[in-house]
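Subject: Structure handover and notes

Dear colleague,

I am passing on the structure we spoke about, so please open it beside this message and follow along as you read. The notes after it go through the points one topic at a time.

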Amino acid sequence: MPSAEFDNLMPLEKYGIQPYFSNSMQLADVIEWVLEQTGPAHLQISTFSTGEEFLRRLFRLKRSGRILTCRMFCDLRAARKTVSLYHFNKSVFDHVCLCENHSKVLILFNDNHTVAVVTSQKQTRGNRFEAGIITSDPLTVSKLRLGFDALAANSISIDELIVYSRNN
């Protein structure tokens, strides 16, 4: 990991709730740190918007088999940027959905582990202070998964948006 901040994080197996507050940890680094402990996992992301550097990191993780499937929910207000990255997004995500969303949450899961990250950081690069909580607490993860269910029920697939805009 590029940051000494990771030295302050403890194994998820022993510490199910851990905060971080740093200007040197990037969200993709946090994802890699979790994957080192869980093994390959499925990923769900909610964010306001995403950026190319974050997408490149996820692309490498998916291509290497560390991310099995990936679904992202972005805010409708960031639709123009999300659509401009359409082909890149499609190479990384199995599903990209747009909805009214300002949350920044990740859930990584496989048959043996479920880990959530609640963060202040959008999926863009910045060397600003960001805060987050990494947790495997079952109640917390369960409530966050319900949030993803609500996003799914109130979203439109970017593919549907592309088809609609081409036909109108």
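How many disulfides does the count come to? Please keep in mind that this is a predicted model; with that said, the count comes to zero disulfides. A disulfide is a covalent bond between the sulfur atoms of two cysteines. For Cys-97, the closest cysteine sulfur belongs to Cys-99 and lies 7.3 Å away, which is too far for a bond, because a disulfide needs the two sulfur atoms within 2.5 Å. Cys-97 itself counts as buried, at 12% relative accessibility, and Cys-70 is likewise buried, with a value of 2%.

Next, the interior. In soluble globular proteins, nonpolar side chains tend to be buried together. The largest nonpolar core here has 35 residues, and the members that touch the most others are Tyr-20, Ile-31, Leu-43, Ile-45, Leu-58, Phe-93 and Ile-134. Several elements give two or more residues to this core, among them α1 (27-38), β2 (41-46) and α2 (52-63), and the largest share, seven residues, comes from α1. If you select Leu-43 and leave aside its neighbours within four places in sequence, you will find it in contact with residues including Ile-31, Leu-58, Cys-70 and Leu-108. There is also a second, separate core of nine residues, which includes Cys-97, Val-105, Ala-116 and Leu-151.

On the surface, Ile-17, Val-118 and Ile-133 form a nonpolar patch, with about 240 Å² of accessible area together. Ile-133, which belongs to strand β7 (residues 130-135), is partly exposed, with a relative accessible area of 39%.

Finally, the charged side chains: a search of the whole structure finds five salt bridges. In one of them, Glu-32 pairs with Arg-57, with the closest N and O atoms 2.6 Å apart. Because Glu-32 lies in helix α1 and Arg-57 in helix α2, this pair ties together parts that are 25 residues apart in sequence, and both residues are buried. Another salt bridge joins Glu-52 and Arg-56 at 3.7 Å, N to O; these two are four residues apart in helix α2, and so are separated by about one helical turn. Glu-52 is partly exposed, at 45% relative accessibility, as is Arg-56, at 39%. Asp-94 and Lys-62 form a salt bridge as well, with their closest N and O atoms 3.2 Å apart, and it links the loop between α4 and β4 to helix α2, 32 residues apart. Salt bridges that share partners also join Asp-29, Glu-32, Arg-57 and Arg-66 into one network.

With best wishes

Key: Residues numbered from 1 in each chain as written. Predicted model: local features only at pLDDT ≥ 70, side-chain atom pairs only at ≥ 80, totals over all residues. Heavy atoms only, no water. Core = buried A, V, L, I, M, F, W, Y, C linked by side-chain atoms within 4.5 Å. Buried < 20%, exposed > 50% of the residue type's maximum accessible area, 1.4 Å probe, protein only. Contact = heavy atoms within 4.5 Å. Patch = residues over 30% accessible without salt bridge, like charges linked within 9 Å, V, L, I, M, F, W, Y side chains within 5 Å. Areas by Shrake-Rupley, 256 points an atom, 1.4 Å probe, with all protein chains shown as cover. Salt bridge = Lys/Arg side-chain N within 4 Å of Asp/Glu carboxyl O.
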